[in-house]
Amino acid sequence: MRETKVSIIILHLDSQVALLACLRSCRAIQYENCEIIIVENGSQLALDPDALKDCAGRAPSVIRSPVNLGFAAGNNLGIRAALAQGADYVLLLSDDTEVAPEFLDVLVQAGEQDEHIGALGPTIYYFDDPKRIWFAGARFDARTCQVVASRSGELDEGGPTDPIESDWLTGCCVLMKRHALEKAGPLDERFFLYWEDTDWGLRLRACGLRNVVVPSARIWHKISLSAGGTDSVFKAYHKTRSHLQFAQLHAPHALLSLQWSFVRDIAWLLMKSRQPDRLRKAWTY
């Protein structure tokens with residue numbers, strides 16, 4: 001394991017406070033043979049190299065894109081750089097997370113024990129409620145073109161310790177083996193935002209490899225429990241567009257019913273909603 005190189009790719013847009021906190025948690029990672037690559041994805045404020053080094057305990061590589069390329073294309077910049085630098089594993093890590101010191105050791109050890117595993121993910125908890133699960137595996141329902149994360153919102157009161165099969169792993173934190181990347185390819189850049197990780201997981205399974213969650217690997221995601229509510233127009237657009245794109249690729253038989261569900265959303269917005277931006281949202285759909 002000590003010879004197995006891991007490249008940690010952190011996609012960054014605008015929250016430097018979150019990024020620096022993430023790097024501080026990465027500084028405590030026990031796994032030694034790893035590097036950090038930060039992709040500045042259209043960031044408005046340039047990062048201070050000294051601040052990055054102070055927080056991470058090492059000087060991360062920084063790749064700069066002058067524009068926001070989206071989640072898939074932005075991460076692919078880092079993936080290509082990592083593979084060119086000889087990475088055996090590539091870890092995508094959201095900049096609004098904090099990690100347990102041993103989480104990477106646990107993931108790599110599980111990956112090295114089974115050659116049929118292509119991608120691994122930790123148990124992800126809410127940062128503000130550190131025992132409550134945000135993601136611990138999910139399944140894809142091809143009949144409806146929907147995904148279900150069964151344990152999301154549960155308190156972690158113990159459970160299985162062996163790796164858990166999952167149809168896909170969230171792009172918030174996913175560790176991919178090099179040979180899995182070479183078989184399945186990088187993220188599909190037709191997805192600007194949302195559903196690209198689900199597509200990745202299904203493509204990996206189509207190559208005969210497994211996606212697993214390793215319960216004892218833990219990280220915390222800074223997303224509010226009350227973040228439900230209504231999406232912004234930007235999020236509504238990309239969730240809708242990516243969902244339709246995904247259906248075309250993986251569940252074309254569900255496309256018509258999915259389109260009708262969006263028609264119902266439009267009707268509700270126009271006739272019943274009191275949202276101040278309901279007309280813009282309807283046009284977005």
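Two strands pair if DSSP finds at least two bridges between them. I also note that helices (H or I, at least four residues) and strands (E, at least two) are DSSP runs, numbered from the N terminus.

Before I start: this is a predicted model, where local features need pLDDT of at least 70 and side-chain atom pairs count only at pLDDT 80 or more, while totals for chains, interfaces and linings use all residues. Residues are numbered from 1 along each chain as its sequence is written, and side-chain values use heavy atoms, with hydrogens and water left out.

**Entry: strand β12**

Strand β6 (residues 117–126) runs parallel to β12, and nine bridges join them. For a landmark I took P122, whose bridge partner in β12 is V214.

Strand β5 (residues 97–99) is antiparallel to β12, with three bridges. Here V99 is the residue opposite I219 of β12. Strand β10 (residues 164–166) also pairs with β12 in the antiparallel sense, over three bridges. In that pairing I found E165 opposite V212.

Next I checked burial, where buried means under 20% relative accessible area, exposed over 50%, and partly exposed in between (1.4 Å probe, protein chains only).

**Entry: helix α2**

Which residues of α2 (residues 49–56) are buried? I get L52, C55 and A56. Seen down the axis of α2, they fall within an arc of 85°, so they line one face of the helix. (The arc is that of the directions from the helix axis to the C-beta atoms.)

The buried residues of α2 pack against α1 (16–27), β2 (34–41) and β3 (61–65); contact here means heavy atoms within 4.5 Å. On the face turned away from the buried side I see the exposed residues D50 and D54.

I then looked at both ends of α2. At its start, a side-chain oxygen of D48 comes to within 3.0 Å of the backbone nitrogen of D50. After α2 comes G57, with a positive phi near 80°.

**Entry: cysteines**

How many disulfides does the structure hold? Zero, taking a disulfide as a pair of cysteine sulfur atoms within 2.5 Å. C22 is in none, and its nearest cysteine sulfur, that of C26, is 4.3 Å away. I have C22 down as buried, at 0% relative accessibility.

For C207, the closest cysteine sulfur is in C145, and at 19 Å it is too far for a bond. C207 itself counts as partly exposed, at 29% relative accessibility.

**Entry: positive phi away from glycine**

C145 turned up again here: its phi is positive, about 55°, although it is not a glycine. I place C145 in the loop between β8 (139–141) and β9. Is C145 buried or exposed? It is buried, with a relative accessible area of 0%.

W195 is not a glycine either, yet it has a positive phi of about 70°. This residue lies in the loop between α5 (178–184) and α6 (196–206). W195 counts as buried, at 13% relative accessibility.

**Entry: E157**

I found E157 in the loop between β9 (146–148) and β10. At 71% relative accessibility, E157 counts as exposed. I also noted that the C-alpha atoms of E157 and Q44 are separated by 42 Å, the two residues being 113 apart along the chain.

Notes. Polar contact = N/O pair within 3.5 Å; in protein donor to acceptor, adjacent residues only side chain to side chain.
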